[in-house]
Amino acid sequence: MILAILSVSLNPLVLPQAQATADYYRCANKESGEWNYGRAPMACSANSFGDDSVIYNSYAQTIFSDVASRTPERHRYLGELHAVVRDAAQIYILKRNPAATRDEIKAWTDGVVSTAAHESYWSQYRKTTDGRLKMMRGDSGHGHGIMQIDDRSHFPAVSKGIAWNLISHLTYAMDIFYTGWNKAKSQSCVKTAANYWQARIRAAWAAYNGGLGQVCRWSNSNSSWSQNDKNFYTILTQHAWTAFVSDLNQKTTIPVGCLMENKENCAATAGTDPDPKIPQEAHFYRVAGQLCLVKNQIFQCVEQERDRDCLRSLGPVASEDVVEWTAAQAAAYTKHVQDRHLLCSSYDRILIPVGSGVRFLKAITLRDTPGGGSLGIVPVKTVLQVRDFELRGTTGDRYYRVAYAGKEGYVYGGDLQSNSTWLSSVTSSFASTSTMARVGDRIQVINKVGINLRDSEGGVVLLTIPVSALVKVEALSARTAENKLYYKVTYKSKTGYIYVGSLLPTDGLPAWTKVVGP
Amino acid sequence: MRKSSLLVLAVVLLCAAMLYKKSHSDLAENSAQDFSALTEEKNLHKESAKTNSEAASKTATERAPAAAPSMAVGATDVDKAKNKLDMLAACLQSQSCNYPQTDPHSYAFAVNHDWQEVLKSLAAYTASHPEEHEKITALARESMLNPDGHVQEAALDLFAKMPTDPKNLNVILTGLSDNSADPLIFQQASAELQRYSGGSEDAKVQGFLEQSLVSGAQYVSEQAAIVARNFITAKNVENYRQILKSLPDGSAKARNLRSSLDDYEQHLSGG
């Protein structure tokens, strides 16, 4: 016990085994609250699990302000949060069961909303009177946020920031809730119930609250937790939150669907579509998962929404909000899909490209996602290679993906003004060794059929370099949304580019070449 | 023991005691807030918290606790391990063993933690006792049907040390269906499923992967699309292309599956 306490307190970033985390694990600036909507106790600093700027940029309207007048703030907060939870639930059930009936969608949504009410009084983010942004922590600090994701059972997810990020949190929690939802339909306590949907909700919640083995706990009045089940039933049937939510159909500008897929960095959704048939000049459109800027009635697109700021290199943007269009609406218009590497480097001349080296001018937190959970600290003076980048906002905030100490994650590289104080671009030959070759390294071809030498990245084939051949890397470059990596090499007097695997979603380099060293 | 060492030990113990006391005084303060007079619905939540603390006090005195199984590893005997697991299974069923019930999750977490420890002790034992593989495999199968991710993690580790067996695969697929929201277990299990792909059980493996991709949990389906690259072959690549067409545009799983398919094709063509 003593050693466990000491180990956690002295080295909080050393991840213990999947065992009992300490009560109020990584809970800084703990503050109480009240058993009422939005302020359930306790609350701990949110930045223990992610960067506050992500919450302020993406979820500002779902932060409960302790300094605002209480009752109006509660009304405002619940209206906003109800819209988000409702949308998330409806999007989710149709993902899992596209054939879901109207009754199932309604019951599922009711179940999720009621679960959030019981678990936390719909409490996630709160700005307390000390000015800090905090997150709700229940069950002696083990339960995180609105759906009380438990850090004993879901430690890796909590550490990565999944519980901290509202939409990731809801998605992850609904994944668990759905397991109970699905199991419930075959249980006699549901099949024989007078009110099938109500029984199914109660069963799914009991499984969520106590584990899959407890799916029929609610039908056993002798259960240790029968009072919890009765309380949930009251919440489910009385919907007390309707006293605070004046418009149950209120819309949210939070792009719930986009965030469920991309986790971070989605643009707010425009409230209305100016014209469903004619795209507006200099406006952003979300079409079939791609993000496009309309210029001269042409859709200039990037494959992933996170690269949308790079589209500014094509001209001014009239509105930051995104209009949702279907592929059918856009079918009549020309669409160009831009390569993110070429587009973003032309937009931001100081962006450090994939493959280049970066020297750390200060110790920087390595995060699972650009704004998410901490994986460790990269020390000052470390030199690593860039594996991915992300630009955010007109301030030019930049994030680079690197590999350090056996982990891959993102580090913040400053903005347009401050970037030179965070990282400096250096030749990759100074970088630590990794699966990615540095300029000057020799590599051995691993791919069984060899690798084609091309006149440019993805260009015309000059010859095929056979398996086991050794070549020297002269330069690195990347293309496409998956960060396909190319090495410039010379083989049998011909100089060209070889494809050596993609860096996203996972490192595919080891299956193509082996880095032998200089 | 030197005086300085005693002093250090005393300081350490004092710090631990202070931390322990602080955490419990915070809980007491919370309980006081819990029971202040508020609206009826607020009382529902407070009653849940009250139930939690009442159940915790019952554990020590009013329940008839079953003895928690000894976790001493020592020279692990498979039969002893089975006895321990039987006791733990009974504990899960009865919910009345001497494990903490401070909240709805604490009891199962503690029981399953001990379950996982028993399996971990068997993992070390396995390599040097091939004559016990049949019994160990039986325990792994039973454990895989426990939907707790930590127990399944240890069970999968045992399966990986054993020869393949269609009965093992069936149990693994059933266990994964019960713990269908766990992307880490899915990732670990995919390495085990690879041992069965291309063989007589290939159809089961491919069917499970397809289901995970198309209608699985969000985080699991994203992981399934990534591991798919290890399962794509000339025989099934067209099926995966059709699956990709059916996935929502812009979804993470579609992106990941597209990348897996591209990776397969690039490897064949030389990039």
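1. A handy definition to start: a residue is buried under 20% relative accessible area, exposed over 50%, and partly exposed in between (1.4 Å probe, protein chains only). By that scale A:Cys216, at 23%, is partly exposed, whereas A:Cys189, at 12%, is buried.

2. Please keep in mind that this is a predicted model, in which local features need pLDDT of at least 70, side-chain atom pairs count only at pLDDT 80 or more, and totals for chains, interfaces and linings use all residues. Residues are numbered from 1 along each chain as its sequence is written, chains are lettered from A and ligands numbered from 1 in the order in which they are written, and side-chain values use heavy atoms, with hydrogens and water left out.

3. Now look for the disulfides (pairs of cysteine sulfur atoms within 2.5 Å). Over all chains there are six. One of them joins A:Cys189 to A:Cys216, with 1.9 Å from S to S. This link is left-handed, at -75 degrees about the S-S bond. A:Cys189 sits in helix H7 of chain A and A:Cys216 in the loop between helices H8 and H9 of chain A, so the pair ties together parts 27 residues apart in sequence. Helices here are DSSP runs of H or I with at least four residues, strands are runs of E with at least two, and both are numbered from the N terminus.

4. Which hand does the link of A:Cys310 and A:Cys344 have? With 100 degrees about the S-S bond, it is right-handed. Both cysteines, A:Cys310 and A:Cys344, are buried.
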